Amino acid sequence: MRYLTIVRHAKAEKATPDQRDFDRKLSDRGRRQCEQLRVWASDQSELGLYGPTTALVSAAARTKETYRRAF
């Protein structure tokens, strides 16, 4: 059996007037969320039981940072 888990990026910082949405990084809250997600994803009785073995990650800064910090 295969499983599909969809994870949205953690909380991002607000964009500055001259910043593209694509370039927004994680806020302090988002980094804390990633720590919690890492625990959940590593727990073999929780998400860790199912993977991930393959990840599709957007090229947006906040999604790459979420993946790097959480998985």
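Analyst: What follows is a short tour, from the whole chain down to single residues. Please keep in mind that this model is predicted.

User: What share of the 71 residues in the chain is buried?

Analyst: Residues count as buried when their relative accessible area is under 20%. In this chain, buried residues make up 27% of the 71 residues.

User: Which residues of helix 1 are buried, and which are exposed?

Analyst: Here is the general idea: an α-helix has 3.6 residues a turn, so residues three or four places apart point the same way. In helix 1, the buried residues are Gly30, Cys34, Leu37 and Ala41. Seen down the axis of helix 1, its buried residues fall within an arc of 65 degrees, so they line one face of the helix. Asp28, Glu35, Gln36 and Val39 are exposed on the other side of helix 1.

User: What covers the buried residues of helix 1?

Analyst: The cover includes helix 2, residues 61–70.

User: I would like to learn about charged pairs next. How many salt bridges does a search of the whole structure find?

Analyst: Side chains of opposite charge can pair when their charged atoms come close. The search finds five salt bridges in the whole structure. Let's look at some of them.

User: Which residue forms a salt bridge with Asp28?

Analyst: The partner of Asp28 is Arg31, with the closest N and O atoms 2.3 Å apart. Asp28 and Arg31 are both in helix 1, three residues apart, or about one turn of the helix. Asp28 is exposed at 51% relative accessible area, while Arg31 is partly exposed at 24%.

User: Where do Glu65 and Arg69 lie?

Analyst: Glu65 and Arg69 both belong to helix 2 and are four residues apart, about one turn of the helix. They form a salt bridge whose closest N and O atoms are 3.0 Å apart. Glu65 counts as buried at 8% relative accessibility, whereas Arg69 is partly exposed with a relative accessible area of 32%.

User: Which residues do salt bridges with shared partners join into one network?

Analyst: That network joins Asp21, Arg24 and Arg62. Within it, Asp21 forms a salt bridge with Arg24, their closest N and O atoms being 2.9 Å apart. Asp21 counts as partly exposed at 44% relative accessibility, and Arg24 is buried with a relative accessible area of 16%.

User: Which residues make the nonpolar surface patch?

Analyst: Met1, Tyr3, Leu49 and Tyr50 make this patch of about 530 Å². Of these, Tyr3 has its place in the segment before helix 1.

User: Could we finish with residues outside the helices? Where is Ala59, and what does Ala59 touch?

Analyst: Ala59 sits in the loop between helix 1 and helix 2 and counts as partly exposed at 44% relative accessibility. Leaving out residues up to four places away in sequence, Ala59 touches Phe22 and Lys64. Ala59 is also 52 residues from Val7 in sequence, with 15 Å between their C-alpha atoms.

User: Is Ser27 buried or exposed?

Analyst: Ser27 is buried, because its relative accessible area is 15%. You will find Ser27 in the segment before helix 1. Not counting residues up to four places away in sequence, Ser27 touches Lys11, Ala12 and Glu13.

How values were computed:
Residues numbered from 1 in each chain as written. Predicted model: local features only at pLDDT ≥ 70, side-chain atom pairs only at ≥ 80, totals over all residues. Heavy atoms only, no water. Buried < 20%, exposed > 50% of the residue type's maximum accessible area, 1.4 Å probe, protein only. Helix = DSSP H or I, 4+ residues; strand = E, 2+ residues; numbered from the N terminus. Arc of directions from axis to C-beta. Contact = heavy atoms within 4.5 Å. Salt bridge = Lys/Arg side-chain N within 4 Å of Asp/Glu carboxyl O. Patch = residues over 30% accessible without salt bridge, like charges linked within 9 Å, V, L, I, M, F, W, Y side chains within 5 Å. Areas by Shrake-Rupley, 256 points an atom, 1.4 Å probe, with all protein chains shown as cover.
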